[in-house]
Amino acid sequence: MQIRADQSHCPQCKAARLEFFPILHHMVCAFVGPSYDFIEQTAGYTCPKCQREILSGDETCEIVGASARCPTCFEEMVVLPTTGAPDRS
């Protein structure tokens with residue numbers, strides 16, 4: 001499911017509080033997932049696929065998008081990138 005970045009209600013259960021997370025790409029092993037899939041450490045993260053440390057500012061990891069998760073129904077959504085184009089909906 002996809003949502004807009006300015007959307008705050010869950011499209012599945014209509015709950016009013018979505019949680020937003022960056023989607024990370026670990027270039028060393030090609031793992032891509034939301035930040036909550038990575039193991040949080042004091043100085044950064046540990047990749048869940050290759051178990052390597054990713055320090056803050058590490059050039060082998062990049063943010064490639066955003067995701068949202070509903071804490072009520074646990075639905076996960078991809079957040080559409082903002083393009084600056086006018087909304088035609």
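1. On charge, the chain of this predicted model carries 7 positive and 11 negative side chains, with the centres of the two sets 8 Å apart; Lys and Arg count as positive, Asp and Glu as negative, and His and the chain ends are not counted, each charge being placed at NZ of Lys, CZ of Arg, CG of Asp or CD of Glu.

2. As for the basis of the values, local features need pLDDT of at least 70 and side-chain atom pairs count only at pLDDT 80 or more, while totals for chains, interfaces and linings use all residues. Residues are numbered from 1 along each chain as its sequence is written, and side-chain values use heavy atoms, with hydrogens and water left out.

3. The secondary structure consists of eight strands and zero helices, where strands are DSSP runs of E with at least two residues and helices are runs of H or I with at least four, numbered from the N terminus.

4. Of the 89 residues, 29% are buried, that is, under 20% relative accessible area with a 1.4 Å probe, protein chains only.

5. Strand 8 pairs in the parallel sense with strand 1 (residues 2–3) over two bridges, pairing requiring at least two DSSP bridges between the strands, and here Q2 stands opposite V78. Strand 7 (residues 61–69) runs antiparallel to strand 8 and is joined to it by four bridges, with A68 as the bridge partner of M77; in the hairpin of these two strands, which has six residues between them, F74 takes a positive phi near 65°.

Key:
Buried < 20%, exposed > 50% of the residue type's maximum accessible area, 1.4 Å probe, protein only.
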